[in-house]
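Here is a short tour of one chain, taken a piece at a time. Have the model open beside you as you read.

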Amino acid sequence: MLGGSVPAGQPLDIEGASQPGLVTKNGLVLYGTDGKALLVKNLQFEDGKMIPASKYFSSGESSSVELTDDEKKMAEEIRNIWKGILSNVPAVEDATDFFKSGAASMDVVRLVEEVKQKCPDVQLQTEDVYMATTFQDFIQMFVRKLRGEDQEEELVIDYATKEVNNMTVKMPNQCFINGKFEDAENGKNYDTINPTDGSVICKVSYASVGDVDRAVAAAKEAYETGAWGRMNPRDRGSLLYKLADLMEEHQEELATIESIDSGAVYTLALKTHVGMSIQTFRYFAGWCDKIQGKTIPINQARPNRNLTFTKKEPLGVCAIVIPWNYPLMMLAWKSAACLAAGNTLVLKPAQVTPLTALKFAELSVKAGIPKGVINILPGSGGMVGQRLSDHPDIRKLGFTGSTPIGKQIMKSCAVSNLKKVSLELGGKSPLIIFGDCDMDKAVRMGMSSVYFNKGENCIAAGRLFVEDCIHDEFISRVVEEIKKMKIGDPLDRSTDHGPQNHKAHLDKLLEYCEVGLKEGATLVYGGKQVDRPGFFMEPTVFTDVEDHMFIAKEESFGPVMVVSKFKDGDVDGVLQRANDTEYGLASGVFTRDINKAMYVSERLEAGTVFVNTYNKTDVASPFGGFKQSGFGKDLGEDALMEYLKTKAVTVEY
């Protein structure tokens with residue numbers, strides 16, 4: 001059924017219809033007696049040939065090119081190749097169908113290789129044979145390739161360029177819809193800001209509701225009728241491997257863009273933001289041809305001879321909405337699993353950090369990902385994100401962000417069309433440090449648990465519980481180490497601590513610290529903005545934090561260490577306090593006692609528990625929270641299942 005307005009097209013008389021049909025760029029529109037419209041994607045002629053309905057008026061002219069004398073000679077040589085393969089056919093006529101004549105997949109490979117041997121300049125793929133099965137169609141396709149007429153339209157990008165980090169960085173800054181970069185439908189754009197100095201990096205298209213609808217339509221068409229939906233899973237994996245290779249080839253440029261757009265320290269951006277993104281795509285590329293169902297013995301299997309089996313199938317068009325703290329990595333964590341499962345996607349990057357997502361879109365085209373499979377829409381959550389939540393053609397939405405927004409998305413997805421949803425939301429991750437820990441490691445990893453990526457880390461330790469007997473020493477050593485940290489330009493390789501992501505977030509962190517002071521917590525270090533251009537905040541330490549305080553309950557999402565004491569030996573007491581939160585994303589424990597470590601890890605109510613380490617995530621290990629930290633997993637095999645549906649088939653034979 002066609003929703004919304006009918007695009008312009010050419011009328012076509014339909015016998016018995018209440019009014020003429022309309023051949024449009026999207027297909028053939030047919031009108032019922034009730035006035036409602038149906039969109040037909042493909043048409044089949046009496047001879048069995050199938051064409052896109054949008055090509056109805058041009059199918060005859062486009063299916064036949066006049067061959068030159070040299071091309072006719074080449075056609076006869078190819079006819080002989082067909083004869084050699086189809087030995088059971090008396091003669092190869094123009095209408096001879098390769099597969100109806102008995103050819104199999106091995107014959108396809110032989111045909112492609114023999115033709116390439118005759119004409120090495122033609123880039124022929126096995127997929128081409130499946131799309132042109134008759135001899136006449138095959139020759140027409142071959143000649144077009146020989147002439148270069150089949151080449152896809154070259155990707156046009158209006159780059160924003162910048163000389164930075166000893167390189168020229170080229171950044172796409174428009175919406176990416178159906179394989180093309182284009183301005184937002186309403187012509188609007190906005191400034192994306194460098195948090196290091198507050199300067200404008202470039203203007204970026206500000207997507208509208210109309211852009212969302214066009215992107216979803218492109219993704220739906222790519223899934224239902226495009227090459228992606230027909231593609232062999234192993235070939236799909238090959239494209240994702242190629243995409244990962246291109247990301248690796250451009251890793252310095254990607255890390256530089258990530259650094260200037262999000263404030264990430266360059267070395268961290270290179271290793272984690274970009275490095276783990278590459279690993280994620282490689283990991284899920286390997287899953288593409290390993291998505292399998294099961295055979296199930298059922299009670300009715302005898303004597304009626306029934307067979308029941310399950311199939312894992314893609315969901316269709318998926319929406320992905322990602323945050324600003326790890327712009328490229330969050331894209332990779334969700335998109336790689338989504339694409340490996342065979343879905344198409346529309347992704348909204350955070351409004352303040354859109355640039356690596358748009359660069360990724362460019363690389364996806366170079367990797368050969370078909371048009372419409374990946375669509376990127378920079379813009380606001382209230383407009384783009386809301387429309388994605390409401391859109392009736394989207395079957396799944398994956399979101400990482402705050403708990404309040406996650407609840408709103410979940411409600412919209414339920415009311416609209418009961419979309420499948422996975423949510424990775426807020427956290428207040430407890431880290432328990434016992435007196436019998438390795439103090440050097442506890443100090444080092446405790447600081448990393450809070451200050452990693454400037455504290456803009458979803459699994460950051462939001463509250464440290466330190467055993468009374470080591471509390472003062474721990475705090476003293478942490479402050480000593482903070483004083484050694486270099487705060488400055490994230491592109492400087494020696495910088496430890498870069499700027500916060502954007503000004504509104506910095507202001508929120510400063511307000512957070514003010515609340516902590518008013519409630520009676522002790523500010524041991526920091527709590528202020530650094531006196532320099534940009535959005536820099538001092539690494540901060542609060543002690544004497546009591547359970548009822550605001551900073552004990554709510555996450556800062558910044559470089560603020562919140563420390564509470566617990567009585568020596570009170571394991572169950574500190575566990576109760578650690579679990580007294582509505583969140584359950586991550587947690588940690590430091591102790592040399594393995595029995596204590598196992599006891600605590602079993603009782604911590606969190607999706608991830610780190611023992612004598614922190615922030616150690618891996619692409620093969622599932623990641624996600626409990627309680628109001630959300631549900632569903634990123635990474636690992638579990639993530640793949642988030643983007644698949646199970647179909648049960650029972651056959652009586």
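Let's begin with Glu77, which is partly exposed at a relative accessible area of 32% (buried is under 20%, exposed over 50% and partly exposed in between, with a 1.4 Å probe and protein chains only). Glu77 sits in helix α2, residues 69–85 (helices are DSSP runs of H or I with at least four residues, strands are runs of E with at least two, and both are numbered from the N terminus). Between Glu77 and Lys118 there are 41 residues in sequence and 8.4 Å in space, C-alpha to C-alpha.

This is a predicted model, where local features need pLDDT of at least 70 and side-chain atom pairs count only at pLDDT 80 or more, while totals for chains, interfaces and linings use all residues. Residues are numbered from 1 along each chain as its sequence is written, and side-chain values use heavy atoms, without hydrogens and water.

## The annotated region

An unreviewed UniProt entry lists residues 69–146 as "domain: Carrier"; such annotations may be inferred rather than shown by experiment. Over residues 69–146, the chain is 63% helix and 0% strand, with the end C-alpha atoms 14 Å apart.

## Helices α9 and α10

Helix α9 (residues 251–262) packs against helix α10 (residues 266–285) at about 120°, with axes 9 Å apart (axes are lines fitted to C-alpha atoms over the stretch in contact, and angles run from 0 to 180 degrees between N-to-C directions). The angle therefore makes α9 oblique to α10 (under 35 degrees is roughly parallel, over 145 roughly antiparallel, 65 to 115 roughly perpendicular and the rest oblique).
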